[in-house]
Amino acid sequence: MTTYAKVIGTGGYLPAEIKTNADISRTVDTSDSWIFERTGIKSRRIAASDETTSGMAEIAARQAIEMADIAPNEIDLIVVATGTPENVYPGAGCMLQHRLGIKNGVAFDIQAACSGSIFGMDVANQYIKSGAAKTVLVVGTEINSRITDWEDRGTCILFGDGAGAVLLQAADEPGVLSTHIHSDGRFEDLLKCPNPQALGEEHSAGYISMKGNEVFKVAVNTLGRIVDETLAANNMQKTDIDWLVPHQANIRIITATAKKLKMSMDRVVVTLEDQGNTSSASVLLAFNEAVRDGRIQRGHVVLLEAFGAGFTWGSALIKY
């Protein structure tokens, strides 16, 4: 009998503080209209000074656990995707495991930038299909505001903070139909965030830098290919997809991917306007929102996809 990874719970958390485009325009030469026209973003959430990556992950995770109606100790694998952990080590996964009171199983972090949650779902899918794990928690959690140079107009308009979670469990009916992940390190310099201490530059600040136009071109082309790859792997047509849940980076990239699928934007989950780019958290935050507000129903076929620094990119096709 084939074993599938089935989604049994979702969760999400957004910090309370809202930073609008108008707020940003007071410190850099920009405007609400300029930002919105080019990105689709109106505002983003900013973590409070006492909030941490693992703390936000816990809130999202507990929501997913409550929806699934399971005990935390039933989780035998935790995968946390983040580029902004509070410690180099121990990892945010281990810290989340402790916060949830789980003493068994295994927990670890993965770092694939904005594609992190998709990579995490691929790991979960493989573990469950192989029988190595039965119940897997995947969390994407980021405090991007602390690695953002708020004087850099090209990047400070884009990023926000938050955490998203999905809980998967072994089942004998289709859940995750397929996952596809890729990377290509040739593009390192187009989008990066250095670690000054590891480079022996401890007095420097490690902020996100990006060559936006170049990133946009590669992202659009790459996500077009991942759509084709995913459909071909499942012998599906574009019309078989009920919902697109894309990484929330730029409305133009999202629109281009929807066009590739010949999908109306009313079948695309967009949270970008009031969340900005929450990196590894964005796909799971959007998925959680659409599940909880009733748009995504059991039986719907959902395509999740993302693109991030590395470059990394990937997709997960789910029958919810």
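**A walk through the labels**

Guide: Let's start at Ala113, which sits in the loop between strand S5 (106-110) and helix H5. This is a predicted model, where local features need pLDDT of at least 70, side-chain atom pairs count only at pLDDT 80 or more, and totals for chains, interfaces and linings use all residues. Residues are numbered from 1 along each chain as its sequence is written, and side-chain values use heavy atoms, with hydrogens and water left out.

Visitor: What makes a stretch a helix or a strand here?
Guide: Both are DSSP runs, numbered from the N terminus: a helix is H or I over at least four residues, a strand is E over at least two. By that count the chain has 10 helices and 13 strands.

Visitor: Back to Ala113: why does this residue count as buried?
Guide: Buried means under 20% relative accessible area, exposed means over 50%, and partly exposed is in between (1.4 Å probe, protein chains only). Ala113 has 16% relative accessibility, so the residue counts as buried. Ala113 also has a positive phi of about 55 degrees, although it is not a glycine.

Visitor: Which other residue has a positive phi although it is not a glycine?
Guide: Asp69 does, with a phi of about 60 degrees. You'll find Asp69 in the loop between helix H3 (53-68) and strand S4.

Visitor: Is Asp69 buried or exposed?
Guide: Exposed, because its relative accessible area is 68% and the cut-off for exposed is over 50%.

Visitor: And why is Asp240 called partly exposed?
Guide: Asp240 has a relative accessible area of 34%, so partly exposed is the label. Its place is in the loop between H7 and S11. Asp240 and Asp189 are 51 residues apart in sequence, and their C-alpha atoms are 37 Å apart in space.

Visitor: What about Thr30: where is that residue?
Guide: In the loop between helix H1 (21-25) and helix H2 (32-39). Thr30 is buried because its relative accessible area is 12%.

Visitor: How do you know what Thr30 is in contact with?
Guide: Contact means heavy atoms within 4.5 Å. Leaving aside neighbours within four places in sequence, Thr30 is in contact with Ile24, Ser25, Ile35 and Arg153.

Visitor: Which residues of helix H8 are buried?
Guide: In H8 (residues 251-260) they are Ile253, Ile254, Thr257 and Ala258.

Visitor: How do you know that they line one face of the helix?
Guide: Looking down the axis of H8, the buried residues fall within an arc of 135 degrees, so they line one face. The arc is that of the directions from the helix axis to the C-beta atoms. An α-helix has 3.6 residues a turn, so residues three or four places apart point the same way.

Visitor: What do the buried residues of H8 pack against?
Guide: Helix H7 (212-233), strand S11 (243-246), helix H9 (272-275) and strand S12 (301-308). Take Ile253: not counting residues up to four places away in sequence, Ile253 touches Phe216, Ala219, Val220 and Leu223. Ile253 is buried because its relative accessible area is 13%.

Visitor: Where are the cis peptide bonds?
Guide: One joins Tyr89 and Pro90, with omega about 5 degrees; another joins Gly310 and Phe311, with omega about -15 degrees. Pro90 is in the loop between strand S4 (77-81) and helix H4 (92-99), while Phe311 is in the loop between S12 and strand S13 (312-319).

Visitor: Now the whole chain. Why does its radius of gyration agree with that of a compact globule?
Guide: The radius is taken over C-alpha atoms, and the globule rule is 2.2 Å times the number of residues to the power 0.38. For 320 residues that would be near 20 Å, and the chain has 18 Å, which agrees. Its C-alpha atoms fill a box of roughly 60 × 45 × 35 Å along the principal axes.

Visitor: How many of the residues are buried?
Guide: Buried residues make up 54% of the 320 in the chain. As for contacts with a separation of 6 or more, 76% of them are between residues 24 or more positions apart.
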